[in-house]
Amino acid sequence: MGEFKTINDNLIKRLLGDIERDRVIENAPMSKYTTFRAGGNAALLINPGSMAELFSAVTILKMAKVPYMVMGNGSNLLFKDEGYDGVVVRVGEGLDHVLVEQNVIFAEPGVKLGQLAKIALEHSLTGLEFASGIPGSLGGAVFMNAGAYGGEMKDVVLSTSSLRRNGMMRDRNRDNLGFGYRTSAFQGSDEIIIGVKILLKPGHPYLIQETMQDLLKKRNEKQPVNMPSAGSFFKRPEGHFAGKLIEDAGLKGLQVGGARVSPLHAGFVVNEGGATAQDILDLMKVVQETVKDKFGVTLEPEVRIIG
Ligand SMILES: Cc1cc2nc3c(=O)[nH]c(=O)nc-3n(C[C@H](O)[C@H](O)[C@H](O)COP(=O)(O)OP(=O)(O)OC[C@H]3O[C@@H](n4cnc5c(N)ncnc54)[C@H](O)[C@@H]3O)c2cc1C
């Protein structure tokens with residue numbers, strides 16, 4: 001584990017002036033905060049409990065010139081074993097308020113997609129069924145343009161509000177969200193998504209619920225949902241399916257240390273217990289090299305690797 005240099009007592013004292021004590025965690029084990037259950041520590045993790053705490057944290061971190069990053073539910077992240085010498089601002093519970101007005105949902109980024117899909121169902125709104133089994137936050141899902149079973153965030157997001165590192169707010173509408181396959185304008189930007197407006201359509205609650213249940217059943221049958229992972233490890237290469245290429249290359253079930261290509265779905269890398277981030281990265285490399293050798297296809301990780 002590396003030595004962290006960015007955090008000092010003075011910074012912590014300033015943060016604690018504005019943020020509740022138990023929301024500021026030093027030397028935070030990121031294996032606890034990511035669905036991969038692997039990886040090193042962050043020098044500091046802040047769980048803002050309100051927009052006011054989020055704004056204070058960002059202002060203080062900017063003034064102190066401390067590197068920081070944002071995370072949601074940690075379901076698409078792998079922190080390297082050396083950890084992250086900076087502050088992780090975790091947008092989740094406390095920043096998860098939702099308001100429904102007719103067929104528009106105004107939501108904070110920390111709400112989980114499963115919860116949001118349930119709220120849509122309760123209001124007989126259709127369009128978010130695809131998202132019900134994706135274990136991310138709304139902010140992470142917009143950032144990634146998460147999608148499944150023919151639906152994507154880009155189909156339902158009308159506009160967003162975000163906070164820039166210079167403290168300015170930015171509103172984006174559908175035309176400048178830059179959505180593409182697992183990408184959005186937020187990738188490579190300095191913006192923290194703080195509000196999302198979603199447009200759905202009136203639907204029949206029975207049909208909405210049935211679709212959600214069908215999709216969850218498919219997911220539970222085809223994906224290793226009970227093993228720690230970050231979902232599909234690789235992006236879908238154009239004209240191919242990553243899982244099929246990996247399976248056809250004979251790599252299904254391949255294990256490096258505690259990391260394994262899932263025997264259920266070769267597109268997933270799972271943590272069999274005690275995997276280090278390095279195990280996962282070593283396995284990733286073997287898979288990439290073998291698939292490249294056999295089929296000439298380059299596999300790019302969908303999982304975001306930090307450190
Ligand atoms: C079992 C399993 C199944 C999955 N199935 C799917 C699937 O079907 N489809 C799919 O697309 N994905 C799937 N995933 C991957 C993952 O759930 C999605 O990518 C999800 O959208 C990530 O959201 P998160 O909140 O966990 O983001 P995190 O993993 O915490 O972060 C991902 C990225 O988003 C950024 N980010 C997060 N919140 C914000 C914010 N408020 N403002 C700015 N940037 C932010 C982070 O900086 C990071 O770069 C699956 C994962 C697992 C573990």
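Helices (H or I, at least four residues) and strands (E, at least two) are DSSP runs, numbered from the N terminus. By that rule the protein chain has 8 helices and 19 strands, and Gly 243 lies in helix 7 (residues 242-248). The structure is a predicted model, in which local features need pLDDT of at least 70, side-chain atom pairs count only at pLDDT 80 or more, and totals for chains, interfaces and linings use all residues. Residues are numbered from 1 along each chain as its sequence is written.

**Overall form**

- The C-alpha trace spans about 55 × 55 × 30 Å along its principal axes.
- Buried residues make up 44% of the 307. A residue is buried if 20 or more other C-beta atoms lie within 10 Å of its own, exposed if 12 or fewer, and partly exposed in between, with C-beta atoms placed from the backbone.
- Among contacts with a separation of 6 or more, 65% join residues 24 or more positions apart. Two residues are in contact if their C-beta atoms, placed from the backbone, lie within 7 Å.

**Domains**

- The chain is divided into domain 1 (9-90), domain 2 (98-207) and domain 3 (224-306). These bounds come from an automatic or database domain assignment.
- The centres of domain 1 and domain 3, taken over C-alpha atoms, are 28 Å apart. Each of the two contributes to their contact, with 15 residues from domain 1 and 15 residues from domain 3.
- On the domain 1 side of this contact, strand 4 (residues 77-79) gives the most, with 3 residues. That side divides into 7 nonpolar, 5 polar and 3 charged residues. Ala, Val, Leu, Ile, Met, Phe, Trp, Tyr, Cys and Pro count as nonpolar, Asp, Glu, Lys and Arg as charged, and the others, Gly among them, as polar.

**Ligand shell**

- The ligand is surrounded by 32 residues, of which the closest are Gly 72, Gly 136, Gly 139, Gly 140 and Gly 231. A residue is near a molecule or strand if its C-beta atom, placed from the backbone, lies within 6 Å of it.
- Helix 5 supplies the largest share of the shell, 5 residues. The elements that each supply at least two residues are strand 3 (68-71), helix 5 (138-144), strand 9 (147-148), strand 13 (192-199) and strand 15 (229-232).
- By class, the shell holds 18 nonpolar, 13 polar and 1 charged residues.

**Nonpolar core**

- The largest nonpolar core has 86 residues, and Leu 78 and Ile 280 touch the most other members. Helix 8 (residues 277-295) gives the most to this core, with 6 residues. Such a core is a set of buried Ala, Val, Leu, Ile, Met, Phe, Trp, Tyr and Cys residues joined through C-beta atoms within 7 Å.
- Apart from neighbours within four places in sequence, Leu 78 is in contact with Phe 36, Ala 38, Gly 39, Ala 230, Ala 277, Ile 280, Val 303, Ile 305 and Ile 306.

**Loop residues**

- Asn 145 lies in the loop between helix 5 and strand 9. This residue is not a glycine, yet its phi is positive, about 45°. Asn 145 is buried because 22 other C-beta atoms lie within 10 Å.
- Arg 182 is in the loop between strand 12 (169-173) and strand 13. Its phi is also positive, near 50°. With 18 other C-beta atoms within 10 Å, Arg 182 is partly exposed.
- Gln 102 sits in the loop between strand 6 (98-101) and strand 7 (104-107). It counts as exposed because it has 10 C-beta neighbours inside 10 Å. Gln 102 and His 123 are 21 residues apart in sequence and 8.4 Å apart in space, C-alpha to C-alpha.

**Helix residues**

- Gly 243 has 21 C-beta neighbours inside 10 Å and so counts as buried. Leaving aside neighbours within four places, Gly 243 is in contact with His 265, Ala 266 and Gly 267. Its C-alpha atom is 7.6 Å from that of Phe 268, 25 residues apart along the chain.
- Ile 119 is in helix 4 (residues 113-122). With 17 C-beta neighbours inside 10 Å, Ile 119 counts as partly exposed. Beyond four places in sequence, Ile 119 is in contact with Val 98 and Val 100.
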